[in-house]
Amino acid sequence: MCGIIGYTGNKDVTEMLLDTLEMLEYRGYDSAGIAVSDTDGKIRIVKCAGRVKELRHLFGSSQINGNSGMGHTRWATHGGVTDQNAHPHRYGHITLIHNGIIENYRELKEKYQLQDMLNSETDTEIVAGVINHFYNGDPLDAIRKSVVKLKGTFALVIMFDDFPDTIFAIRNVSPIVVSSSNEGNVLASDVAAVCQFSKEYFVLPELHTIVMNRECVLLYDLSGECVEPDILTADWELGQNGKGGFPFYMEKEIMEQPEVIQKTIEGRIVNGLPFFSKDEVTDEILKECNRICVVACGTAMHAGLVGQVLAQSVLGIHMDVELASEFMYADPVIDDQTLVIAISQSGETIDTLEALKYAKRAGAKTLSIINVRGASIARESDYVIYTYAGPEVAVASTKAYTTQLSVLYLLTARMALVRGVLNEGEVRTFISELQRTPEMVDQVLQKRDQIHKMARRVLDARDTFMIGRGLDYSILLEGSLKLKEISYIHSEAYASGELKHGTIALITDKTPVVAMVTQSRLKDKEMSNIREVCSRGAKVMLFTRESFQISGMDEWSEVFELPDMQDLFMVLPASVALQLFAYYVSADKGYDVDKPRNLAKVVTVE
Ligand code: F6R
């Protein structure tokens, strides 16, 4: 969480920082601020609560001229959303921005008697105070002495009054990447932000300090030794066309799904069979495990739930799907025969990262399914499979989810082959159904006006239920999360057979119900459950498949027919339909669909 940028070079820094903060705003958008070293070598701070556009407004037509500076977009952890709590913070000679949480900030405040000079309620200002306490003219020494006192996670970017054109940074867990180019040197929380200068970058190693000025970038370990960074090359194309003519990134990203699913699967299918040789995933790890455990959060965890149905129904292998934030506190049973799969779009979600590290310590083999190249979770994993969703800017995940699912189908097929569960012919049939998904998803997109019409039915609802069984229930968990997070309508996904054990008491004519019926063996039971809610006055919006030809259509408020696929594959078209449903509700309610309140795209606090 929190977007970070630091730059020193020959560009006009104010404009560059504001432009980059706009790009990083999806990391947090409570407040924004910059610090710039002006032409007199004085560090000047401009910051406010609100979006980057409000920060830009503060400058009017004037700027602070200078070539070095840093910027921050905030997702509040300590202290409310106020101008004072916005970063950068200043204490004595130190100006500082921070991503992360300092757990022992109260003790530090007392130990170094910082209270009298504090202007904010943040843990960040305390860190500036601690560095100021240790500063006696040597920035590196002050940083080293300070960070060993900090408990928690941090990415700190620091400017010292005495060295106004030098940017210092250090991190623990929270990411910082660094890049150099003819135009200057830059560091940021995201690879996408440094890629605007150069495709070559390096990840700041934990507890190493970067010292960066216009001429050079130097990297030091905690003992003060200068070390060489490991240079990586980003194969990450920034979307050049912004929203591509759509009102929101979310709509653009939903519409991109046929293409990115295709991109994710095509290079991994040879002669109709799945291969992960280019990803360097060995058949041994797929063959030798006797248990699989997925760790992930939110939407990525919902992808895991679909993977669980695939693993159990196709492979007959036990799979647990764990909320990453709960994983290590549940005393999980894992050993060297367990394959732990971490699923994450950003590859930076700290709960997932910590769960993965825990699993590694317990001896498990680890594989991650990640969208952002070179992200922390990818670096920690034994094996990585990248999704090719491209940059996902909208906070609500859409194309990352469907590409994660595509990888899980491929992985199931490869495991079935190498474990001898399916023969080559059966695997080819499975894969050819997977290859139909881009076309089937496209068919849903073509009928999006119908989904828009259904969405209008829930605009005024306070509560909704989404009901289904089996795989339909897994799909609805994700559909319900989408609706909640961007439309602020309370939505509960419920296993429809379970309603009668209590929750049906909440169903009235004021609770619209979304029902999903795509699974042949569950159809009749699901229809009975739907009739039960209709009898309590609920208006039902039914998503089903063309071939089911549900009778008594006029009983339902609206029906959307999904294109037919084999049962296991209905997840993809059905999920896209629910993404569109949530999207239209949010857009019609007039919300900022891409930046829902209280959220951030990359969650780097536990
Ligand atoms: C919801 C959403 C979140 C993320 C979750 C994990 O639309 O995007 O639930 O799925 O925060 O993020 P990643 O996938 O980056 O680990």
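## Salt bridges, domains and a ligand in a predicted model

Trainee: How many salt bridges does the structure hold?
Mentor: A salt bridge is a side-chain nitrogen of Lys or Arg within 4 Å of a carboxyl oxygen of Asp or Glu. This is a predicted model, where local features need pLDDT of at least 70, side-chain atom pairs count only at pLDDT 80 or more, and totals for chains, interfaces and linings use all residues. Residues are numbered from 1 along each chain as its sequence is written, and side-chain values use heavy atoms, with hydrogens and water left out. The number of salt bridges in the structure is 29.

Trainee: Which residue forms a salt bridge with Glu256?
Mentor: The closest N and O atoms of the pair are 2.7 Å apart. Glu256 sits in the loop between H7 and H8, and its partner is in helix H14, 143 residues apart; helices (H or I, at least four residues) and strands (E, at least two) are DSSP runs, numbered from the N terminus. The partner is Lys399.

Trainee: What area do domain 2 and domain 3 bury between them?
Mentor: The protein is divided into domain 1 (3-233), domain 2 (249-435) and domain 3 (448-588), with bounds from an automatic or database domain assignment. Buried area is the accessible area (1.4 Å probe) that two parts lose on being put together, summed over both. For domain 2 and domain 3, 71% of it is on carbon and sulfur atoms, and the total is about 2100 Å².

Trainee: Which element gives the most to the side of domain 2 that touches domain 3?
Mentor: Between the two domains there are zero salt bridges, but nine residue pairs in polar contact (both at pLDDT 80 or more). A polar contact is a pair of N or O atoms within 3.5 Å; within protein, one must be able to donate a hydrogen and the other to accept it, and residues adjacent in sequence count only if both atoms are side-chain atoms. Elements giving two or more residues to this side of domain 2 include helix H8 (257-266), helix H10 (298-315) and helix H14 (399-418). With nine residues, the one that gives the most is H10.

Trainee: How many residues surround the ligand?
Mentor: The closest are Ser344, Gln345, Ser346, Thr349 and Glu485; a residue is near a molecule if one of its heavy atoms lies within 4 Å of it. A polar side-chain atom of Glu485 is 2.5 Å from a ligand oxygen atom, and one of Lys482 is 2.9 Å from a ligand oxygen atom. The number of residues around the ligand is 14.

Trainee: Is the peptide bond from His87 to Pro88 cis or trans?
Mentor: Pro88 is in the loop between strand S4 (68-74) and strand S5 (89-91). Omega of the bond from His87 to Pro88 is near 0°, and the bond is cis.
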